[in-house]
Amino acid sequence: NIAMEFSRHNRVLYINPPVSRLSWLRNRSVREQRIQLKKSNNMIKVEENIWVYYPGRFLETLNRLPFNPLFDWVTRRNSNIFAKEIRYAMQFLQFKNHVHFCDSDMFRSFYLKERLNPELYIYYSRDNLLGVDYWKRQGVRYEPRHMAKADIVLSNSEYLADIAGRSNPNSHFVGQGCDLSNFLPGKELKSSADIDRLGSTVIGYVGTLNTLRLDLNVIEYLAVHQPEWQIVLVGPEDDAFRRSRLHEMPNVWFTGRKAMEELPDWISTFDVAINPQKINEVTIGNYPRKIDEYLAMGKPVVATETEAMKYFSGFVTPAADLPGWIAAIEDALSSDSVKRQRARMAFAKSHSWEQNVNRMYKIIKTADSNAN
């Protein structure tokens, strides 16, 4: 989304991750795809100003290497190979002066600033990757150093911007862009037999039902203590949700996976939309785009109180504990109004990809002015 927005005013070369040697050996479809891409120099023109390049050389899988010196050697080798691939693509398209936008690629891209010598090197942090064991293992050594040598660090949450600021004082919160065209007022909604069967007060959630990110206890508590509420959960389930006692409760509905174009139909039935997020290293700083989708349809929203949710203060009712969830939903139900619905819609609409990238442009221009 960011690359497409950049391409409205700039030529953009989007680099896909290189294939690892292990993926090449294990996955036949990967081999077949790359063989086909070679016929077009591994380059595909997407639109007038944007090209996608698929690096042709392998990189080595390295995150499970047993000790740091070997990991560092392989990282340097991978970065050198990656830089040569990118340099080839830039020469092919006759790119000269360029800004390099690194989307949290902390290992493969670690030496690209030195190897490619861009006019400006930007590190973009949009997830707390160090909360995930896979990335934490070596990321605690690499990501702070990677951020430190970037010219600018951009983050989609204030929490992540604060973390980045410990390594690089030129770190900025730029918010999050969303494509809300599917959720904006005026879209014709369709009904279905499932939706028509819903009755009484409907409390709903849309998204993957994953216990790494969602607090199953909150949903069970609501279902048990408010049996008159219909709890509607729209999205695919992980094993823990599939095994949960929610499936035995008469006021809990599981719809399964739904296509993106169907989601507004379901959200339209909600009296209150919820995001019962679990608080852990993975979730605490992440920007919840589903909140914007709820708000874009004017719905009252209740969400777990986290650092990231402070950005939505005044538009989302926070819940801090289990009894607090019931109180927050009751408050959201009783205080809803047409005026509040319009305010929510306007707030969500301000989070477009265009506005998100415009904030990036302002920071980039300031950095260019200071450099000159």
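Six strands, in the order β10-β9-β8-β11-β12-β13, form an open sheet with parallel pairing. At its edges, β10 (252-256) and β13 (317-319) each pair on one side only. From one strand to the next, the twist averages 25 degrees. This is a predicted model, in which local features need pLDDT of at least 70 and side-chain atom pairs count only at pLDDT 80 or more, while totals for chains, interfaces and linings use all residues. Residues are numbered from 1 along each chain as its sequence is written, and side-chain values use heavy atoms, leaving out hydrogens and water.

Helices (H or I, at least four residues) and strands (E, at least two) are DSSP runs numbered from the N terminus, and two strands pair if DSSP finds at least two bridges between them. Angles run from 0 to 180 degrees between N-to-C directions, with axes fitted as lines to C-alpha atoms, for helices over the stretch in contact.

Within the sheet, have a look at β11 (residues 272-275) and β12 (residues 301-304): they run parallel and are joined by 3 bridges. Here N275 stands opposite A303 in β12. Helix α12 (residues 289-296) packs on the sheet, touching β8 (201-206), β11 and β12, and its direction makes about 140 degrees with that of β8. Helix α13 (residues 322-335) also packs on the sheet, where it touches β8, β9 (229-234), β11, β12 and β13; the direction of α13 makes about 165 degrees with that of β13. Contact means heavy atoms within 4.5 Å.

Helix α13 has a helical partner too: its axis and that of α9 (residues 216-225) come within 10 Å and cross at roughly 60 degrees. On the α9 side the contact is made by N217, V218, Y221, L222 and H225, and on the α13 side by L322, P323, W325, I326 and I329. By class, this contact has 8 nonpolar, 2 polar and no charged residues; Ala, Val, Leu, Ile, Met, Phe, Trp, Tyr, Cys and Pro count as nonpolar, Asp, Glu, Lys and Arg as charged, and the others, Gly among them, as polar.

Finally, which residues line the largest cavity? They are N156, S157, E158, Y159, F173, N286, Y287, E307, A308 and Y311 (on a 1 Å grid over the protein atoms alone, a cavity is a set of points where a 1.4 Å probe fits but cannot get out, and lining residues have an atom within 4 Å of a point). This lining divides into 5 nonpolar, 3 polar and 2 charged residues.

Technical notes:
1 Å grid on protein atoms, 1.4 Å probe; cavity = no way out; pocket = protein on both sides within 12 Å on 5 of 7 lines; lining within 4 Å.
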